[in-house]
Amino acid sequence: MTEDPPRVRARTRPAARAETRLDGIIAAAFGRHYEVDTPAGRLQCYPRGKKSSFACGDIVEILPGGDGQGVIAALKPRRNLLWRSDAFREKLIAANLSHIVIVVATEPGFSDLLVSRCIAAAESQEITPLIVLNKADLADRLAAARAQLAPFRALGYEVLEVSALDGAARLRARLSGLHAILVGQSGMGKSTLTNALVPEARAATREISAALDSGKHTTTFARLYPLPSATDAALPGWLIDSPGLQVFGLAHLSHDELAEAFLELRPHLGHCRFRDCRHEAEPGCALLAALANGAIHPRRWEHFRTIRSEIDQARRLNPGW
């Protein structure tokens, strides 16, 4: 009788080690380099692969590595995305916002068209606009600035008058618990406001300058700062300071989306005689009738037509839109 051969125990591979992932919020974006705040601290991160389409405020999954670095593995669903575009380029600005704070000033002069652009971008993404009139202590310029903002006030948009030199206490209280971004032209005092609202912002700017070995580019990047809530510590807010801007293209919006982004146009949309009405000179145009009877402010109508023409031009230059 022969003995059975001894059984050979099959070798088993060790179980694959699960990847440790952390959720974090993008606090600064420098091209393909991102600073991400996580429960383990701030990590210097790069995207996985060649795609790099993240913005300040994005919630991402991180694969932490050594030396305070990590890899962005996934993007969590966004509440919204604020961005601008022209015929050939897109620029992501910020994500997951509750408010956009549009900073203007009594001096120097500001563009009310740019205010309308920012509001349209916000409305298209269900972000609440808040207009801040800075340098309100310059009494001799205040009346003119108020008059320029009157069409926006008439629509119900909140206008908060502040002076950054006095510490901007009213704005700090208003932003408590919100997820907001400061936008505006250069020279409106946005940096002074940021430093008044977030004292450590100045130190953070110096850190960026040292990391990039240059000071002249520090204002070209958006940065997120925590803003603890004054009413509920469980609902902390944050503020994004963005570079000064002179243009805000909206080439990514369709004609219908642009019209919906102008509050005063909404009640009249769909009531024109012709379904394909372009609101130029067509008979029975409900928007032109509203303009004639004062329901639409002429300046805002001019803004709408200007932006719509730019969208048309962008589509002619780039039919891929």
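# Briefing: burial, cores and backbone features

Lysine 135 is partly exposed, because its relative accessibility is 23%. The residue belongs to a predicted model, in which the chain has eight helices and 13 strands. Of the 321 residues in the chain, 45% are buried. Among contacts with a separation of 6 or more, 64% are between residues 24 or more positions apart.

**Chain-level values**

- The chain exposes about 17300 Å², and carbon and sulfur atoms supply 53% of that area.
- Zero disulfides are found in a search of the whole structure.
- Cysteine 56 has a relative accessible area of 1% and is therefore buried.
- Cysteine 118 is likewise buried, with a relative accessible area of 1%.

**Nonpolar cores**

- The largest nonpolar core has 78 residues, and within it Leu171 and Leu175 touch the most other members.
- Helix H1 (residues 112-124) gives the most to this core, contributing eight residues.
- Another core lies apart from it and has nine residues, including Val36, Phe54, Val60 and Ile62.
- Leaving out residues up to four places away in sequence, leucine 175 touches Val101, Leu130, Ala180, Leu197, Leu227 and Leu239.

**Helix H1**

- Twelve of the 13 residues of H1 are buried, so the helix is mostly covered.
- The buried residues of H1 are Asp112, Leu113, Leu114, Val115, Ser116, Arg117, Cys118, Ile119, Ala120, Ala121, Ala122 and Glu123.
- The 13 residues of H1 should span 18 Å at 1.5 Å a residue, and this agrees with the 18 Å between its end C-alpha atoms.
- A side-chain oxygen of serine 111 comes to within 3.3 Å of the backbone nitrogen of leucine 113 at the start of H1.
- Glutamate 126, which follows H1, has a positive phi near 55°.

**Helix H8**

- Helix H8 (residues 298-317) has 20 residues and should span 28 Å at 1.5 Å a residue; its end C-alpha atoms are 29 Å apart, which agrees.
- Buried in H8 are Arg300, Trp301, His303, Phe304, Ile307, Arg308, Ile311, Asp312 and Ala314.
- These buried residues of H8 pack against H1, H2, helix H6 (255-260) and helix H7 (286-292).

**Aspartate 58**

- Aspartate 58 sits in the loop between strand S3 (41-47) and strand S4 (59-64).
- Its relative accessibility is 0%, so aspartate 58 counts as buried.
- A polar contact of 2.7 Å links the side chain of aspartate 58 to the side chain of arginine 78.
- Not counting residues up to four places away in sequence, aspartate 58 touches Gly24, Ile25, Ile26, Ser53, Leu75, Arg78, Ala95 and Asn96.

**Leucine 142**

- Leucine 142 is part of helix H2 and is buried, with a relative accessible area of 11%.
- Between leucine 142 and alanine 105 there are 37 residues of sequence separation, while their C-alpha atoms are 8.9 Å apart in space.
- Contacts of leucine 142, not counting residues up to four places away in sequence, are with Thr106, Leu133, Ala136 and Glu161.

**Backbone features in loops**

- Glutamate 107 and proline 108 are joined by a cis peptide bond, with omega about -5°.
- Proline 108 is in the loop between strand S8 (99-105) and H1.
- Aspartate 67 is not a glycine, yet its phi is positive, at about 60°.
- The loop between S4 and strand S5 (69-75) holds aspartate 67, which is exposed at 80% relative accessibility.
- Lysine 135 also has a positive phi of about 60° without being a glycine.
- The loop that holds lysine 135 runs between strand S9 (128-134) and helix H2 (139-154).

Notes. Residues are numbered from 1 along each chain as its sequence is written. This is a predicted model: local features need pLDDT of at least 70, side-chain atom pairs count only at pLDDT 80 or more; totals for chains, interfaces and linings use all residues. Side-chain values use heavy atoms; hydrogens and water are left out. Helices (H or I, at least four residues) and strands (E, at least two) are DSSP runs, numbered from the N terminus. Buried means under 20% relative accessible area, exposed over 50%, partly exposed in between (1.4 Å probe, protein chains only). A polar contact is a pair of N or O atoms within 3.5 Å; within protein, one must be able to donate a hydrogen and the other to accept it, and residues adjacent in sequence count only if both atoms are side-chain atoms. Contact means heavy atoms within 4.5 Å. A nonpolar core is a set of buried Ala, Val, Leu, Ile, Met, Phe, Trp, Tyr and Cys residues joined through side-chain atoms within 4.5 Å. Accessible areas come from the Shrake-Rupley method with a 1.4 Å probe; for residues, only the protein chains shown count as cover. A disulfide is a pair of cysteine sulfur atoms within 2.5 Å. The expected span of a helix is 1.5 Å times one less than its number of residues.
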